[in-house]
Amino acid sequence: MSASREKKKRQELLAGGASDPKTARAAEQKAAERRSAMLYTAGAVAFIVIAVALFVYNSGIFQRNQTAVTIDGENYNVAKTSYYYQQICGNYASMFGQEYLQTLKAQSYDDNRTWDDFFKEEAVNNMKFVHAAAKAAKADGMTLDSDDNATIQANVDSIKSAASAAGYSYGSYLKAVYGQYMSGSVLKSCLEDQILASKYAAKHSEDNFVYTDDEIKAYYEEHKNSYDLVDGAYVTISGTPEAKTDADGNAVEATEEEKNVAMTNAHLTAESILAEVKNGADLETVAGRYDEASYTGGAEMSTSTGVAGEWLFDESRKAGDAEILADEDNSRYYVAVFNGRQRNEALDYNVRHILITAENLDLPDGETATEEQLTAKAQEILDGWDGTEDGFATLAEQYSQDGGSNTNGGLYEDVPKGYMVAAFQDWCYEDGRQSGDTGVVYNASTGAHIMYFVGYGDTQYWHYACENALRSADSTEWQNSLIDSTSAVVNDAGMKNVG
């Protein structure tokens with residue numbers, strides 16, 4: 001075929017829709033390049049998507065918002081659930097210590113649960129109560145007022161101060177304390193819920209748990225050992241054989257014969273002490289002559305479950321009773337003396353105080369405040385007092401480190417016996433204490449207290465304590481019923497990120 005005829009043939013084929021081989025090859029090459037470019041682009045997009053997903057996952061955003069518990073149809077995410085979980089852990093850390101708590105969480109609580117499981121169950125129960133009580137509060141038209149919001153802010157400010165003192169940012173500190181998914185907004189939301197629930201519970205208790213004097217007296221009669229005081233004493237005489245070791249210094253257990261001899265000697269000592277007491281000798285004085293005897297006693301002894309305590313608080317006791325008591329389980333004997341018994345009728349009291357701590361002193365970094373420094377500073381402040389109660393209240397708001405009273409002039413009202421530390425309480429109950437009395441007392445765990453005695457109330461301890469016990473029992477029953485009537489569904493996928 002001639003060249004001109006070949007050209008004409010190609011033109012006819014092209015006119016009919018056929019492709020020029022050169023053009024087809026070029027088009028095919030371009031298409032391949034486009035496909036390759038599309039594949040690279042798709043791969044890059046996939047890589048970006050995966051990277052973003054990993055970033056989001058590692059940032060905790062996904063876990064934080066994942067539902068851990070659903071309570072009556074309302075979802076609670078991991079962050080909020082972690083807040084309640086860490087509160088439970090904090091309670092146990094205060095008992096066991098933080099380091100031991102971490103090992104405890106991996107140990108068995110019972111046959112079916114670890115301690116971690118138990119902590120989570122308790123957290124959910126607390127959440128159920130807060131949810132139900134806050135819901136009931138809103139239904140009753142109850143809202144947070146300015147005082148409640150001030151309490152929330154005070155909590156936040158306190159945490160911020162602790163964060164600063166520990167060298168953390170606020171956000172980092174929240175994560176260290178409440179878990180990695182906590183934030184300031186979540187904390188505030190949880191605090192709002194808890195305070196509203198607590199406010200509703202207090203109102204419910206005030207409106208519903210009211211008791212007559214007859215009901216309180218009946219409760220006292222059933223539980224008087226818990227609210228009476230005994231004037232008595234006892235001496236403990238050990239019947240444990242003297243410790244022995246072998247040639248290598250290892251402890252050697254006493255033989256049965258040695259144990260029996262030790263108990264026999266202890267009983268002989270007890271008989272000698274009892275004989276002297278029955279002849280009019282003072283028990284404490286007699287006990288002081290025996291190395292193996294230790295004395296315990298006082299005019300206001302509280303009940304105990306020990307052998308001597310049970311004897312002293314037996315309702316059949318009469319003044320002048322004295323006996324030898326055997327405690328075989330603990331290899332000892334007691335000589336006990338009973339002088340009398342009375343209801344604890346100590347009155348409540350009202351008092352102002354100014355707590356002085358190292359914060360009031362200009363100390364070099366790392367130096368610990370001494371008792372002398374704190375009491376000297378307290379006395380200096382008291383010496384500058386104008387002599388009036390209002391003036392004392394002003395000093396309290398200026399100097400006191402007690403966050404529970406330094407915004408209301410250092411005032412504590414209706415304080416029952418047993419509520420304050422010993423040095424504080426003992427000063428308030430000293431014989432002859434009068435309204436307007438002042439003084440300085442020191443307690444190693446708190447600091448120096450500048451005291452201003454306002455006066456005694458009219459509620460006796462036994463009455464207050466019995467009424468409080470009744471209210472506590474009824475409040476617990478009500479709270480449990482609220483928890484039991486509230487439905488909670490745990491989402492395992494979310495809950496695994498808690499704790």
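D72 is partly exposed, with a relative accessible area of 39% (partly exposed lies between buried, under 20%, and exposed, over 50%, using a 1.4 Å probe and protein chains only). You will find D72 in the loop between strand 1 and strand 2, and its phi is positive, about 45°, although D72 is not a glycine. Please keep in mind that this is a predicted model, in which local features need pLDDT of at least 70, side-chain atom pairs count only at pLDDT 80 or more, and totals for chains, interfaces and linings use all residues. Residues are numbered from 1 along each chain as its sequence is written, and side-chain values use heavy atoms, with hydrogens and water left out.

**The protein as a whole**

- The secondary structure comes to 18 helices and 13 strands; helices (H or I, at least four residues) and strands (E, at least two) are DSSP runs, numbered from the N terminus.
- Of the 499 residues, 37% count as buried.
- Among contacts with a separation of 6 or more, 68% come from residues 24 or more positions apart, where contact means heavy atoms within 4.5 Å.

- G73 is exposed, at a relative accessible area of 67%.
- Although G73 and V489 are 416 residues apart in sequence, their C-alpha atoms are 8.8 Å apart in space.
- D414, in strand 10 (residues 411-415), has a positive phi of about 55° and is not a glycine.

**Helix 11**

- Helix 11 (residues 256-278) has 23 residues and should span 33 Å at 1.5 Å a residue, which agrees with the 33 Å between its end C-alpha atoms; the expected span is 1.5 Å times one less than the number of residues.
- Its buried residues are A262, M263, A266, T269, A270, I273, L274 and V277.
- Those buried residues pack against strand 3 (228-238), helix 12 (283-287), strand 6 (293-301), strand 7 (322-327) and strand 8 (332-343).
- After helix 11 comes G280, with a positive phi near 105°.

**Helix 4 with helix 6**

- The axes of helix 4 (residues 78-96) and helix 6 (residues 115-139) come within 8 Å and cross at roughly 120°; axes are lines fitted to C-alpha atoms, for helices over the stretch in contact, and angles run from 0 to 180 degrees between N-to-C directions.
- That angle makes helix 4 oblique to helix 6 (under 35 degrees is roughly parallel, over 145 roughly antiparallel, 65 to 115 roughly perpendicular, and the rest oblique).

**Helix 17 and helix 9**

- The axes of helix 9 (residues 184-208) and helix 17 come within 11 Å and cross at roughly 125°, and the two helices are therefore oblique to each other.
- Y200, A201, H204 and S205 in helix 9 meet R471, S475 and W478 in helix 17.
- The residues of this contact divide into three nonpolar, three polar and one charged.
- S481 is found in helix 17 (residues 461-484) and is partly exposed, with a relative accessible area of 37%.
- S481 and F129 are 352 residues apart in sequence but 9.4 Å apart in space, C-alpha to C-alpha.

Key:
Nonpolar A, V, L, I, M, F, W, Y, C, P; charged D, E, K, R; others polar.
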